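This report goes through one structure in parts. Please look over the sequence and the structure below before reading on.

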Amino acid sequence: MFSFENHSTNKPKMTAIRNDWTREEVQKIYHTPLMDLIHQASLVHRQNNDATEIQMCTLLSVKTGGCSEDCNYCSQSARYSTEVKSEKLLEVQETLETAKKAKEAGSTRFCMGAAWSGVKDNADFDRILEMVRSVRSLGLEVCCTLGMLSPEQAKRLCEAGLSAYNHNLDTSEEFYPNIVTTRTYQDRLDTINNVQAAGISLCSGSIIGMGESHDVRIDFLHTLATLQLHPESVPINSLVAIEGTPLEQQTRVPIEDVVRMVATARILMPKSIVRLSAGRTEMGLAEQALCFMAGANSLFTGDKLLTTPNPEFSDDHQMMNTLGLTPRQAFKEDSQWKSETVPVQPKVDTRIPEPSMA
Ligand code: SF4
């Protein structure tokens, strides 16, 4: 049972963190009538987070294109004929300059992406480790997304100062072979496990609009919310259909579907950061405001998301000012996402909480 309290500095008791959600519970939450779902998610958000704060992250592609994998949505796969050309790994200094600009623009997390199937123990990985150390020295949280990772590589990234590692599950296990055939869902889960075991916060989310059903989205959310330790951050991407990829004909996912994903993720994973990711150029202020109301509390900022367009820094600043939102500080509450602090999972009431006005 909730008690209604929306003042961020006077939070009521936190929602219990659970990782024993049943598939039926997730389904029931997901299919809650939309306005009620938003309201419930909004209450959970305010109970567990400062709802005036938005984490601002900047994502830079440090190694673009030429990837050997066949992810159907991706402009960087070498298997598809897209406008993206293969480039070499950026230099450390170049990356550092971009990170400084991101910090000046208000970002507190800097994410570096490489279009690799996985990390190899070579000079390129050594350079990535140097990038992590350098960006961290600026006082920024550092995230990487480099593909599959062994336990030893995860440990080296952690020692270099990596805050988080992004490895999206993308979709459900059953639907996964429709999207990627060059690796398995279990490969993804193995890397997720290696990341968390090394003491790095996990960032893992979805892409919606790839032709999946609502049941597929529910299965995905169930998988994520029943990990032993929830992801510290959950990006919700809307497919940006790229010409030349197998998904080029997909139509834009409706905003109500994005809001439903955000709200369900917020209720299932009350303390995780839920990030509005790809697809934001198609959303207006009111649509994004609905997502914030439903519990989104992070944005990718900067005019590019790896290779896809994203709103300008100035547009996001204007939106946040209009909505009365402020940037979240770096390194806030990050210790709770380390594997050695996995919370004891309480046995709790499994009913969907009903809001009550007090
Ligand atoms: S999503 Fe990542 S792994 Fe898949 S093709 Fe693109 S760059 Fe490669």
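## The chain as a whole

Of the 358 residues in the protein chain, 47% are buried. The model is a predicted one. Its protein chain holds eleven helices and twelve strands.

Contacts in the protein chain can also be sorted by separation along the sequence. Taking those between residues at least 6 apart in sequence, 81% join residues at least 24 apart.

Strand S2 covers residues 109-114, and six of its six residues are buried, so the strand is mostly covered.

S2 pairs with strand S1, which spans residues 53-63. The two strands run in the parallel sense, and six bridges join them. One of the pairings is between Leu59 and its bridge partner in S2, Cys111.

Strand S8 is made of residues 273-276. Ile273 and Arg275 point to one side of S8, Val274 and Leu276 point the other way, and all are buried.

Strand S7, residues 233-238, runs parallel to S8 and is joined to it by four bridges. Val234 has Val274 as its bridge partner in S8.

## Helices H8 and H9

Two packed helices are described by the angle between their axes and the distance between the axes. For helix H8 (residues 214-225) and helix H9 (residues 255-268), the axes come within 10 Å and cross at roughly 25°. Angles under 35 degrees count as roughly parallel, and H8 and H9 are therefore roughly parallel to each other. The crossing in which H8 passes H9 is right-handed.

On the H8 side, the contact is made by Arg217, Leu221 and Ala225. On the H9 side, Met261, Thr264, Ala265 and Leu268 take part. By type, the residues of the contact of H8 with H9 are five nonpolar, one polar and one charged.

## Helices H9 and H10

H9 also packs with helix H10, residues 285-293. Their axes are 8 Å apart and the angle is about 20°. H9 and H10 are therefore roughly parallel to each other. H9 passes H10 in a right-handed crossing.

Which residues of H9 and H10 meet? Ile255, Val258, Val259 and Val262 come from H9, and Glu287, Leu290 and Cys291 come from H10. In the contact of H9 with H10, six residues are nonpolar, none is polar and one is charged.

## Two loop residues

Asp170 is in the loop between strand S4 (164-166) and helix H6 (176-179). Asp170 is not a glycine, yet it has a positive phi of about 70°. Is Asp170 buried or exposed? A residue is buried if 20 or more other C-beta atoms lie within 10 Å of its own. Asp170 has 23 C-beta neighbours inside 10 Å and therefore counts as buried.

Ser137 is in the loop between helix H4 (123-136) and strand S3 (141-145). The cut-off for an exposed residue is 12 or fewer such neighbours. Ser137 has 12 C-beta neighbours inside 10 Å, so Ser137 counts as exposed. From C-alpha to C-alpha, Ser137 and Leu96 are 10.0 Å apart in space, with a separation of 41 residues in sequence.

Definitions and conventions:
Residues numbered from 1 in each chain as written. Predicted model: local features only at pLDDT ≥ 70, side-chain atom pairs only at ≥ 80, totals over all residues. Axes fitted to C-alpha atoms, helices over the stretch in contact; angles between N-to-C directions. Parallel < 35°, antiparallel > 145°, perpendicular 65-115°, else oblique. Left-handed = near helix turned anticlockwise from the far one by under 90°. Contact = placed C-beta atoms within 7 Å. Nonpolar A, V, L, I, M, F, W, Y, C, P; charged D, E, K, R; others polar. Pairing = 2+ DSSP bridges.
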